Every structure is written in structure tokens, then in C-alpha cells.
Amino acid sequence: MYRGQNGWLGGSTDGPGFARAIQRLGKTLGSFERVVFLGSGGVVLSILEHLADMASESERVPSKITILRRSKIHDEKMVGVLEAASKLEILDLFPQGLSS
């Protein structure tokens, strides 16, 4: 959080931080065809928002993103964030969900 001219503002460093961690491995997020996340909490939502920003700036993003989760609470938010930039697949984190 920081104080701007019109009051307090906040931002997330989760998405950019994730991208930098991948870059330290000599890759970019766009170099992956598929990305799989375990869990669907706030960090994953932040990373999806970062990917959506990348796509809106015509940067390459993974063509398929899979999220394995226990709860459907965040599904609607995640689908709304990424739209058509990548194929988003959300599966239950149970053996039957892993068979796809």
C-alpha cells in the first residue's frame, strides 16, 4: 500500500514476482504451452490478472492454464479475469479431476 495524491492505493506484486522468478530460470511465462496451479486462492488470481495484462499488451501467454482446486468459490472471478487469452481449465483437486 502507498499513499497517492487522492488517498491510499494498493497493488499486488504476486503476478510480476512470479514472472520474475520464471525469468531467473531463463524462461518467460509465454514460453510455456501449459501452466498448472495447485490451488485457487488470491495468489493464483493475481497471477491470472498479470497474464491478462500481458495478453492485453500483445505479449505471449501460455495457451492452456489448468487450476486444480478444492473449492469453487473463486471460479467465477478466475474465468472473468482471463477471458479468451488462454484456455482456462479448472478441475477439482481429487483423483477423478486429474484424469483429464
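**Group meeting: an aromatic pair and a helix histidine**

His 50 sits in helix α2, residues 42–56. Helices here are DSSP runs of H or I with at least four residues, strands are E runs of at least two, and both are numbered from the N terminus.

A word on the source. This is a predicted model, where local features need pLDDT of at least 70, side-chain atom pairs count only at pLDDT 80 or more, and totals for chains, interfaces and linings use all residues. Residues are numbered from 1 along each chain as its sequence is written, and side-chain values use heavy atoms, with hydrogens and water left out.

Back to His 50. Buried or exposed? His 50 is buried, at a relative accessible area of 18%. Buried means under 20%, exposed over 50%, partly exposed in between, with a 1.4 Å probe and protein chains only.

What does His 50 touch? Leaving aside residues up to four places away in sequence, His 50 touches Gly 15, Pro 16, Ala 19 and Leu 29. Contact means heavy atoms within 4.5 Å.

Take Pro 16. It belongs to helix α1. Pro 16 is partly exposed, at 29% relative accessibility. Its C-alpha atom lies 7.7 Å from that of Ile 47, 31 residues apart along the chain.

Now the aromatics. Searching the whole structure gives one aromatic pair. Phe 18 and Phe 37 form it: tilted, 5.9 Å centre to centre, 50 degrees between planes. Phe 18 is in helix α1 (residues 14–24) and Phe 37 in strand β3 (residues 34–38), so the pair ties together parts 19 residues apart in sequence. The cut-offs: ring centres of Phe, Tyr or Trp (its six-membered ring) within 6.5 Å; planes under 30 degrees apart are stacked, over 60 edge-to-face, the rest tilted.

Phe 37 is buried at 8%. Phe 18 is partly exposed at 25%.
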